[in-house]
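My entries follow in the order in which I checked things.

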Amino acid sequence: MQHLATQCPPLDVLLDGGLEADAITLVFGEGGSGKTNLALQCAREAVAAGKRVAYVDTEGVSSIRLQQVFGALDAEPVLFFTPYTIEEQERLVSNATRVPDLGLVVVDSINMHYRLAIDGGADGESEAARSLYKQLHHLTGFARQAQVPVLITGQVYGGEDATQPFARRVMEHLVKALVRFEKRPDGTRKATILKHRSIEEGRSARFRIAGHGLEELGVPPPQPL
Ligand SMILES: Nc1ncnc2c1ncn2[C@@H]1O[C@H](COP(=O)(O)OP(=O)(O)O)[C@@H](O)[C@H]1O
Ligand SMILES: [Mg+2]
């Protein structure tokens, strides 16, 4: 079984080596929990392995952050696809999987346009749900056939959010690995396995966000006497 290591040690331990090569990994969490950092870092590792990355970006990733995470490594093998509607997203997700020499496909995030589309009422909602389902179905088949990991992020919106239950049910059904990212009060981040084919639910890891991406927490300073 091939894995794409994230190169964040606690996450690689949590995931028994990293992202599975034949399935979708869905990481969801509130804004700022580290999802895009993870996606950029995994993209870096795929490029370091000599592969290309198809990155479907609905949120407007920062090119400065991309450079920070890539450091000296050339980010040119990362091909960005930027949809502005859920229909366009469905088309671009399909195009993204046709890039040759892929080592990773990213969709960051899967649900922003979904959420906007369902604001259009009942018609918008069933169309959007169908599109979401088709995208996930396509990516599942792609990962399995091409043996290329697929990393999807899901943005969790605070407050009253009626859109999440349905989208989550669809995603949780189709996705093989489900990981929750959380921001802790002390500024560190926590990742918890909610579903996985070969890892027990509830296993968790702590990490933090640093200049070059996600990293393990430092050794705590010695306690004062
Ligand atoms: N150079 C950096 N050094 C440390 N932390 C950073 C740096 N750049 C961004 N961050 C942190 O990354 C966080 C955003 O993470 P991100 O992966 O974009 O979240 P999400 O995609 O889950 O919304 C912010 O808390 C920000 O402070
Ligand atoms: Mg993000």
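Which side chain has an N or O atom 2.9 Å from an oxygen atom of ligand 1? I found that the side chain is that of Thr36.

I noted the ground rules before going on. The model is predicted, so I kept in mind that local features need pLDDT of at least 70, that side-chain atom pairs count only at pLDDT 80 or more, and that totals for chains, interfaces and linings use all residues. Residues are numbered from 1 along each chain as its sequence is written, chains are lettered from A and ligands numbered from 1 in the order in which they are written, and side-chain values use heavy atoms, with hydrogens and water left out.

Entry: polar contacts of the ligand. I used the term polar contact for a pair of N or O atoms within 3.5 Å. Asn37 has a polar side-chain atom 2.8 Å from an oxygen atom of ligand 1. For Arg65 I read 3.2 Å between a polar side-chain atom and a nitrogen atom of ligand 1. Ligand 1 exposes 580 Å² when taken alone, and the protein buries 62% of that (Shrake-Rupley method, 1.4 Å probe).

Entry: the shell. I looked up the residues around ligand 1 and got 14, with Gly32, Gly34, Lys35, Thr36 and Asn37 as the closest (a residue is near if one of its heavy atoms lies within 4 Å). Three elements, α2 (35-48), α3 (63-70) and β10, each supply at least two residues of this shell (helices are DSSP runs of H or I with at least four residues, strands runs of E with at least two, numbered from the N terminus). The most comes from α2, with three residues. Sorted by class, I have two nonpolar, eight polar and four charged residues around ligand 1 (Asp, Glu, Lys and Arg count as charged, and Gly is among the polar ones).

Entry: aromatic pairs. I found two in the structure (ring centres within 6.5 Å; planes under 30 degrees apart are stacked, over 60 edge-to-face, the rest tilted). Tyr55 and Phe80 make a tilted pair, 5.0 Å centre to centre with 50 degrees between the planes. Tyr55 is in strand β4 (residues 52-57) and Phe80 in strand β5 (residues 78-81), so the pair ties together parts 25 residues apart in sequence. Tyr55 is buried, at 0% relative accessibility, while Phe80 is partly exposed at 33% (buried is under 20%, exposed over 50%, partly exposed in between; 1.4 Å probe, protein chains only). Phe181 and Phe207 also form a tilted pair, at 5.0 Å and 55 degrees. I noted that Phe181 and Phe207 are buried.

Conventions: Rings of Phe, Tyr and Trp (its six-membered ring) pair if their centres lie within 6.5 Å; planes under 30 degrees apart count as stacked, over 60 as edge-to-face and the rest as tilted. A polar contact is a pair of N or O atoms within 3.5 Å; within protein, one must be able to donate a hydrogen and the other to accept it, and residues adjacent in sequence count only if both atoms are side-chain atoms.
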